Amino acid sequence: MINKTLKKSFVALTTATMVAALAVAIPSAARADGITCSELVAATKYNVRNTQLCSGVDQFGAKYEIAMPKKFNGTLIVYSHGIRYGVNLPPLPVIAPSGSLIDNSPAIAPSLAVATSLLKQGFALAGSGVQVQGWNAAEQSLANVILIDAAYTKFPKIDRVAAWGNSLGGLSTQLMAEQNPDMVEAVAPLCLADSALAEITMAGDFLWGLKTLFDPSIKAVGYSAGEAGYREMLGDLGKVLGVLGSLQAAIAANPTAPAWPATSTAPATLKGIPVRSAILLLGLISGVSTQSKTYDASSGPKGPLETTFALAISPALAVLENGAQAAVLAVIANYDLELRGGGIVFDNSTTNYSARLGDDSDVYAAALSGKTATAGMLGYLSALNPAAPRVKADAGAVARIKAIGEVQGTLTVPTITFTATADHITPPGATQHLINQYNAAIASGTSKKGLLVNIWNKPSDEYTQFDSAGRPITPAVDPSGTGHCNFTTNQYLMIAKLLTDSAKSGKAPSAKTVAAAIKKDKNLFVDPNYTAPLLKYRQ
């Protein structure tokens, strides 16, 4: 481990270098404000005594907070929040019922409960709000580097730094650690997001499928500049919600043979296939999970529909429930990435959706309504069909988005991942990509063995509940292993302990330590032989 004095000098030098390098790419909003600290604010916001909550603004306009307890144990934990909308949204059902304003506020932990517990244990916490939202991995990484420098300057008693983050924040954390060796002592990228291109391929494929099969008036890509593009994006959100509502209503009315939306221009022969099969197909070819918070893809209501529901209906309903958020993500993310890249980023011009489906055509044969129906749907989505025009990305835009940063797997400090196997926004394939990259780095001699520990959160085999009429009940709380970054306070605190112990020792937690940490949680497992399917972009 690097000497403490040298460490602080290194952080200051690295910060200055990064600021100079990125000053042109990231416009400066204002000079850094002085840090103000208050014990009263900490007591009010986090219900902790004898703790200073310090706030400031860096030279790029990013607001940040540092919470320092008087009984400090020497470890600072830096948190990176997940993706936030980069645009204001009016009230929209499901997406933003009360509307949504751009949020640049800092977050020092995944939740208030987690922050309060860690502060009471003597950990210092810090987080940046970042000056821009959307796919801001580069800006967030820089904001964290500046924040760490500010924390060392304000509190010289800091001995070590651990970093963690959720989703896009997990990616930002990992990028910061890979690009700045010795900046932190340990990291935990939680529910890790893959690169922008990998994520937009998944969500974009699903959105393109919705457009092609159910409503060709959805623009999906190529948004106009300025106010016109913003309105096109909002219009797409409304159309996507309309399609999803129609699909939900159709399945509720006739689960076994639901009708297609009125907005669909697909031929009558295709509409003869139950629309639930088309929904499932879109999920399988894009990588949207067939397990959701309501549907486990294996349970059915007691009675004559039990087997049919489990095999043919539940997987499609899970894709529809998960796909709603994937489609919304695709609209907003496409709009954001096109603004950042200066052109279309999503590309399916050469995608072979038949190859994408692969063996799932047999696994889900009943739910897809048989091989003839499957072939008919894939034929309609073929690049040879003029009614299903493909999208070609702008090479320059893709290059600019790719330059934001992608995981290389060159680990230099203990790294702990925590991933749900049915996360529908950041699927487990993102973590698997990190694992593969790390193994390649070990083989090439750029990383040492024993630095990466992967903890998986798997849903129970059966968890769908039904009412007395046999209708599925949407749970008030997402079942463990489903949903996006759906971790409990106890799970976060378990990861925090493993992370901070590693930061102090300089070693990744042993198999015995991890086993003891997760033994009371039946959904968690560690298995070096487990391999999650990569996102389609990586396959």
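User: What do the side chains of Asp103 and Arg84 meet in?
Analyst: A salt bridge, at 3.8 Å from N to O. Keep in mind that this is a predicted model.

User: Where in the chain do Asp103 and Arg84 sit?
Analyst: Both are in the loop between strand 4 (75-80) and helix 3 (112-120). They are 19 residues apart, and the pair links distant parts of the chain.

User: Is Arg84 buried or exposed?
Analyst: Buried. Its relative accessible area is 17%, and the cut-off for buried is under 20%.

User: And what about Asp103, how accessible is that one?
Analyst: Asp103 is partly exposed, with a relative accessible area of 32%.

User: Why can side chains pair like this at all?
Analyst: Side chains of opposite charge can pair when their charged atoms come close.

User: How many salt bridges does a search of the whole structure find?
Analyst: It finds 14. One of them joins Arg340 and Asp336, at 3.3 Å from N to O.

User: Where do Arg340 and Asp336 lie?
Analyst: Both lie in helix 10. They are four residues apart, about one turn of the helix.

User: Which residues are linked with them in a network?
Analyst: Glu139 joins in. Glu139, Asp336 and Arg340 are linked in a network of salt bridges.

User: Asp336: buried or exposed?
Analyst: Asp336 counts as buried, at 14% relative accessibility. Arg340 is partly exposed, at 27%.

User: What about Asp467 and Arg471, what's the distance there?
Analyst: Their side chains meet in a salt bridge at 2.9 Å, N to O. Arg471 is exposed, with a relative accessible area of 52%. Asp467 is partly exposed, at 27%.

User: New topic. How many cavities of 30 Å³ or more are there?
Analyst: The search finds three. The largest cavity holds about 50 Å³ of space.

User: Which element gives the most to the lining of that largest cavity?
Analyst: Helix 6, with four residues. Helix 10 (306-341) also gives two or more. Among the lining residues are Trp135, Glu199 and Leu329.

User: How do the lining residues of the largest cavity divide?
Analyst: Seven are nonpolar, none are polar and one is charged.

Key:
Residues numbered from 1 in each chain as written. Predicted model: local features only at pLDDT ≥ 70, side-chain atom pairs only at ≥ 80, totals over all residues. Heavy atoms only, no water. 1 Å grid on protein atoms, 1.4 Å probe; cavity = no way out; pocket = protein on both sides within 12 Å on 5 of 7 lines; lining within 4 Å. Points joined across faces, edges and corners; volume = space filled by probe spheres on them. Nonpolar A, V, L, I, M, F, W, Y, C, P; charged D, E, K, R; others polar. Salt bridge = Lys/Arg side-chain N within 4 Å of Asp/Glu carboxyl O. Buried < 20%, exposed > 50% of the residue type's maximum accessible area, 1.4 Å probe, protein only.
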